[in-house]
Every structure is written in structure tokens, then in C-alpha cells.
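Hi,

Here is the structure I promised to pass on. Have a look at it first, and then read on for what turned up.

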Amino acid sequence: GILHEDLRLLLETSMPAKKKKALLGVADAKIGAAILEELGYQCQTGGVVAEILRGIRLHFHALVKGLTAQSASKAQLGLGHSYSRAKVKFNVNRVDNMIIQSISLLDQLDKDINTFSMRVREWYGYHFPELIKIVSENYTYCRLAKFIGNRKELSEESLEGLEEIVMDSAKAQAILEASRSSMGMDISPLDLINIESFSSRVISLSEYRKGLQEYLRSKMSQVAPSLSALIGEVVGARLISHAGSLTNLAKYPASTVQILGAEKALFRALKTRGNTPKYGLIFHSTFIGRAAAKNKGRISRYLANKCTIASRVDCFSEVPTSVFGDKLREQVEERLAFYETGEPPRKNLEVMKEAVVEASEVVAEVKRKQEKKEKKKKKREKEKMREKRRLEALAAAAEENSVLETEENNIEPKKKKKKKQQQELEAESEQEMEAAPEPEENGLEEEALPKKKRKLMVEADQEEEKKKKKKKK
């Protein structure tokens, strides 16, 4: 609904001066309203206008001179692409697609790591079955299987390494003692190599999972800081993934968010006329686990309400901050305390007023930092431009100097040639003077003259003879 300057110029130049008599057909109603408001032309949308525009679009290459059907179709395709890009224009730092993909990958990794760890336990358990009872954690077990290898080679020297992995001296000692009196079968070196390589793969997957979780945490703090502050990064990411996007989650009512992820149970309850589920994905938050059995439904409803508020704040705020999420978390904590002790919580209006004040301060600080960054960036760009101009000027000066040097080098041989020619001419004239016979004493013989002067003298004599002949006639 924004009137572009090019469109304004086109309408001002093409449309008649009498605005009341002119009726303009426009495809988009919002653009029509903007044209009416700013330029005063009456606009019509829908109905006949759509058919006329379709006809113009179909025969556009025939209406415009020099435009072929192929180039017109290419132009339409390019316009469609640019329009689509403008429609889906978004901030790169607030893309929730990455959150959806990373939480899906995180869940898949959890399943795969669990399956692979069980395979390592079974495989290495033939050789050292007592280790399964001592160490329960999968990641630690895989590290120990890789470190120990053949249990018969385990000695007091390797106790420090065991302590580093297990982080408990008593457990390390128990592993050492169990290895001495183990009832496991002997294992060949080839089998051990395969077990160690598989354990190292499981360890690398577990380490990658940790890195992915950190990435998810940082992404959630950028995209949905309030939601992650309220309910946690993983549960918040699961809600966004299940809804499809943060915008879809913000559009959901609190009752839908409450049972999001428990759709099967809901429809089964509706079908069998049983009790509907009290919670879905939000059950994984710490609040519902801390509540008493009779209060679980109440706290899940309250938590879903706060999650909806947090998702809407994150989705529609220009500068997302975690202030609202922290305040909403405090409210949920107060509500839990109210269910347990009966202490009345603060009113929502008071809490939101405090949150608005704090959020405005945080936003102002963020904007100030952004302005500083932009100033620094502009300053760097100016310095770069100055440096670039300076280098260009130096390069141009160097080119001029090189051109002048080449010209001087070209001029010098020419001067030398001229000097040589002059010297040769002087030498020739001297030789002629020497070769000429000396004048006799009576002075009757003519002096030696240069060739040009001789020619001139001959021509002058011939002209005089011609004149004398004419007179005689």
C-alpha cells in the first residue's frame, strides 16, 4: 500500500489534469487507496479491471514496439521472482527455519547415540561385563571402552586416566579391581580395533550433539529470547517446530499451545468421550514436574497462557529481548508458590508495567550500540575509500611519470639524429670547400657556390634570356 516515486511520476505525466473525470483501474486495492489519498485519482479494483489487466498482460508484446513474446515472458518471470523475494523479505538473524532443523536433528541424534551406545555396551560387554554396572552413562562408557581396550593391560599407571574420564577416584578404583577379577571372555586385537573405532565414532557424535545444542541455544536467544527464558531453549524450539514457525505459534490460542504435541490423545479422548489431555510438549518444562499432582493441570494452563504471550512478544517486537520472558517466569514461580503456600502473587498489570519499562531501557541500549556500530562501520568505509583514492592517485601519478619518461626517451634519440644530420651537413660543406679549386691571381675564375644558389642563378639567367628574346621579336 505504499506509492512508489516512479509510479507517482508515471501517473502525474500520463493522467489527465481533471482528476474528477478520470477513473483508474488498479489490481491491488491497497495501492488504489494510496493513489486516491496522495494524488486524488478515483480508482476501481476487481471485476472488469482484472479481465482488462489479464488481456493487457497476454498481448503486452504486441502493444509495445520492439518487445518480443520471449522477452516479455522473461520480464514477467523476473518481476514475479522479485515480488516473491520482497514478500518473503526477512531478517537473517531471526530465521526460525534453522531452529526447526536443529531441534529435529538433535532429537534424531539422541535416538542414534542411544542405539549406538547400547551396541557398544553389548559388544564390549563380552570382554568386560562388569563395566556396565559400574558406569551407567553412555558417553562415559564409550570413552572408557576406547581408553581401556584390553582389560588385562589395565594397571595402576592408567588410574589417573580413568579418574579424568570418570571424574571419581572411587569409581576408577572399582573399575581397576573389576578388570583384575572379570569373568569376561578374551578378545582378539582385531575385534578390539573395531570396538575402539566404533566407540570413537559414538564419542564424536556425542560431542557434535553438544555443539549443536549450543548452536540451538544461541539461535533461540536471537529469535525467541522471551520464550527460551520462560520455558527453556529445547522445549521452546520443540513448540516452534511443532507449530511450523514462530509466527504460527504466536497465532495459536493458549488452549492450543497447552495440548500442542498431544493431538492423538486429544482426538482419542473426544472419540471415546474420555478425559482430554492436560498438557502436551510443555510437560517437559520444569514447572509441571515441580507442581503437585492436583495442580498439574492448573499450572499447565497458566504456563501455556504465558508461553503464548512470550511467543507473541518475540514474533512482533522489533528488537527482541529476554526481559518479558524473565518477568513471565517470575509470575509462573509465584503461581507455583501460591498453589503450595497460598501466598498471593502480584497482579499481571504491575508485572507488565515493570517489564515495559525495563524492555524500553534495554531496547534503547541495544539501539545505541547498533548506532555506534554503524558509525564505526561508516568510518571504516570512509577510511577505505580514502585509502583507495590515495592509492589510485599514486597509481595515476606513477603512470604519468612513466609516460613522461617514455616521451623523454623518445625525444632524446630524435635530438641525437638531428645533431648527427647537422654534423653530416657541416662535414659535407667543408669537404666541398676543400675540393673546390683555388682562385687564380687575376681573379677571373668564379668562386665555388653551393648547389641551391647555383640553381637559383641558372634559373635567373634563363628568365633574363627569355625576356630579351621577347623584346627582340
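Let's start with helix α8: the cover over its buried residues includes α6 (97–125), α7 (130–134), α9 (159–166), α10 (169–180) and α11 (189–223). The buried residues of α8, which itself runs over 138–148, are Tyr 139, Thr 140, Tyr 141, Cys 142, Leu 144, Ala 145 and Ile 148. "Buried" here is under 20% relative accessible area, "exposed" is over 50%, and "partly exposed" is in between (1.4 Å probe, protein chains only). Just after α8 comes Gly 149, with a positive phi of about 70°.

Some background before you go further. This is a predicted model, with local features needing pLDDT of at least 70 and side-chain atom pairs counting only at pLDDT 80 or more, while totals for chains, interfaces and linings use all residues. Numbering starts from 1 along each chain as its sequence is written, and side-chain values use heavy atoms, with hydrogens and water left out.

As for the whole protein chain, there are 21 helices and two strands; these are DSSP runs numbered from the N terminus (helices are H or I, at least four residues; strands are E, at least two). Of the 473 residues, 28% are buried. Among contacts (heavy atoms within 4.5 Å) with a separation of 6 or more, 60% are between residues 24 or more positions apart.

Now to Gln 331, in helix α19 (residues 323–341). Why does Gln 331 count as buried? Because its relative accessibility is 2%. Leaving aside residues up to four places away in sequence, Gln 331 touches Tyr 302, Lys 306, Asn 348, Val 351 and Met 352.

The surface has charged patches too. A positive one gathers Lys 369, Lys 372, Lys 373, Lys 375, Lys 376, Lys 378, Arg 380, Lys 382, Lys 384, Arg 386 and Arg 389. Patch members have over 30% relative accessible area and no salt bridge, with like charges joined within 9 Å; a salt bridge is a side-chain nitrogen of Lys or Arg within 4 Å of a carboxyl oxygen of Asp or Glu. One of these residues, Arg 380, sits in helix α20 (residues 348–435) and is exposed, at 52% relative accessible area.

A negative patch brings together Glu 459, Asp 461, Glu 463, Glu 464 and Glu 465. Glu 465 belongs to helix α21 (residues 451–472) and is partly exposed, with a relative accessible area of 48%.

Cheers

Key
Patches are made of residues with over 30% relative accessible area and no salt bridge: like charges are joined within 9 Å, nonpolar side chains (Val, Leu, Ile, Met, Phe, Trp, Tyr) within 5 Å. Accessible areas come from the Shrake-Rupley method with a 1.4 Å probe; for residues, only the protein chains shown count as cover. Lys and Arg count as positive and Asp and Glu as negative; His and the chain ends are not counted. The place of a charge is taken as NZ of Lys, CZ of Arg, CG of Asp or CD of Glu.
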